[in-house]
Amino acid sequence: MLNIQVNFPHQPATNTRTTLKVSDLITRLGYKVPTTADELVALAQTLEKETALHPLGDLGGGLSWPIPMSQPDQKKIIDFLSASNTGVPGLPLPSTVIGTLGYLLADSSVSQNDPLDPAQLLQRLLDTPKARALGKALQEHLGGISSETSIYDYLLTAIHIGLDPGSYFSPIRNTVDGFGLAQPTHWGRSPSSVVEALRQYLAQGRVPPGSAKLAAHILLSKEAPQFLIKDIPEHVTVGSLAWANLTIAAAAIEAERPGSVASMSFAEVMSYPVNTQNPSNALQRAQAAAMMDWGVANGIITRISTDNYTPQQIDTVRTAFNQQLTERLTASQALDKEIPTRKEIALKELKERFGDLGSLFEEKVLGTDAYSGEAEQTGLAGEHSMLDIAMMGLPNLRPFVSSNPRIPLEALNKNRNFDAQKVFDQQFAGAIEEKRPPSAQ
C-alpha cells in the first residue's frame, strides 16, 4: 500500500511527520475511497477542480457572501478608512483617487510588471504585512468572525468600495465604476476589446497609476467574469446569441464554483458538466439577465436599468431566444448531413430502371455507333460505363453499342436520357441552403 507524508494545517507544527495511507488521506479530506476505475477517475477530476479554485473566490469579498455585507457595515468600512484615530499607519486615506487598492500598492514590492496573472498578483498584495494589518483591523472594527481567509473578505470589500463607489449607493448590473459593459457601442465587438476599453477608462485617473489592469480584473471577476474567459472565438461577440450562451454557462459554473471562470478557457466553460438540477435563485436570475441582455442587444426590447421587465417582455424575449436556439441547432444538425453526389443519384436511377447489375454499371464497355440520323445528334468519344452516361446527362446521344452481351442495350437505347445531373443540382442547392446559418442576431 502506498504511503504519503502530510502535515495538516490545523495541527501544531512539530518535527514529527504523520504517515498516512492514501485511503486514509482521502477519507480525512472528506471524500469516498474509490473502489472502481471510474470512481478513481471521478475523484481525480474532482481534486483537479478543487485545486483550480481560487482561495479568494470571485474577488468580491463580503459583497459576494451568500448574504452580502449590509450597507451599514459597508458604511463602517468607509468611515474607518476616513478616520484618523484607527491606529493603522497611512490612514485616513487621502481624498485623492487612491482607495484601498492604491493604499496597499503604495510602497509595496508588488508591481504591475511582475510576470504574474492579476489573480496571483492580488494574492501576493493581500499577503503583505500592510494588507494583513488593515484586514485584521477592519475585521475587528466590524466584529467579524476570524478564519483563515476572513481578513481577505474585508480587504476585498474595501477595495471594491474604492474602485466602484457608485455601487455602494446604487449598484447597476453590467456597470463597474460608471463603465457600462453592455452599452450599445460594445455590441458586435469582441469581449477582449471591451476589457481593453475598461482598462483605458480606469487609467484616466480613476485608479492609482499603473493599476488599471489589476483593477479591471478585480471588478470583472465579481461583476462579469465571462469577459475574463480565455481563447474566446472571434464569432462570439458581445450581444450575440453565442455570447448569451457563454454568459449563461459562466453563471452556472460561478454559482457552483465562485471565482473559477476567470481561469478557464472557452472550451472548458462550454464543456463543463454543470449540475442543472434544482438551480439556485441566483443562477436563475443570472440566466434570465443574460437572456434579457440579448433581447436588448437585438432590438427585441428596450433596456430598463432597474431590470424590472414586465412578464410580457420576458416572455417575448424567451420565445425569440428559444427560436434562435432551435434554428442554430437545426443548422448544426444540417451540417452533419452529407451533400448527395452525382454518383449516388445516378446509381439509384440505374437500379430503378435496370435492376441491380452490380459492377456491370461501372464497366467501360459502351460507345455510340457511326453517324446516322439528324445533324444535331452527337456521338460519344471513347468507351464509357452506364454510370458515366447516367452521371453526364448528355442529350441527343446516338444509339449505344457494346461488345458486352450483358449490357441491356435495347432498354438503354429506348430511353437514353437520365435525370441524375438535374436531380443532383436540385439536391445540392437544397443542401447548401439548409446549411446556410440563420440571420445573425
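Modeller: Gladly! A residue is called buried when its relative accessible area is under 20%, and exposed when that area is over 50%. Please keep in mind that this is a predicted model.

Biologist: Then why is Tyr168 called buried?

Modeller: Buried means under 20%. Tyr168 has a relative accessibility of 11%, so Tyr168 counts as buried.

Biologist: And Phe169, is that residue buried or exposed?

Modeller: The mark for exposed is over 50%. Phe169 comes to 65%, so Phe169 counts as exposed.

Biologist: What makes Tyr168 and Phe169 an edge-to-face pair?

Modeller: Ring centres have to lie within 6.5 Å, and planes over 60 degrees apart count as edge-to-face. For Tyr168 and Phe169 the centres are 4.8 Å apart, with 80 degrees between the planes.

Biologist: Which residues does Ala320 contact, leaving aside neighbours within four places in sequence?

Modeller: Ala320 contacts Trp294 and Ile300. Ala320 sits in helix 14 (residues 311-335), and the C-alpha atoms of Ala320 and Ile300 are 8.3 Å apart.

Biologist: Why is Ala320 called buried?

Modeller: The relative accessible area of Ala320 is 19%, and the limit is under 20%, so Ala320 is buried.

Biologist: What about His384 and Lys422: why do their labels read as they do?

Modeller: His384 has 16%, under the 20% limit, so His384 is buried. Lys422 has 51%, over the 50% mark, so Lys422 is exposed. His384 is in the loop between strand 5 (366-368) and helix 16 (386-392), while Lys422 lies in helix 18 (residues 420-435).

Biologist: How do you know that the charged end of Arg353 sits over the ring of Phe418?

Modeller: For Arg, CZ must be within 6 Å of the ring centre and within 35 degrees of the ring normal. The charged end of Arg353 is 4.1 Å from the centre of the Phe418 ring and is listed as sitting over that ring. Likewise, the charged end of Lys130 sits over the ring of Tyr103, 4.3 Å from its centre.

Methods:
Residues numbered from 1 in each chain as written. Predicted model: local features only at pLDDT ≥ 70, side-chain atom pairs only at ≥ 80, totals over all residues. Heavy atoms only, no water. Helix = DSSP H or I, 4+ residues; strand = E, 2+ residues; numbered from the N terminus. Buried < 20%, exposed > 50% of the residue type's maximum accessible area, 1.4 Å probe, protein only. Contact = heavy atoms within 4.5 Å. Phe/Tyr/Trp six-rings, centres within 6.5 Å; stacked < 30°, edge-to-face > 60°.
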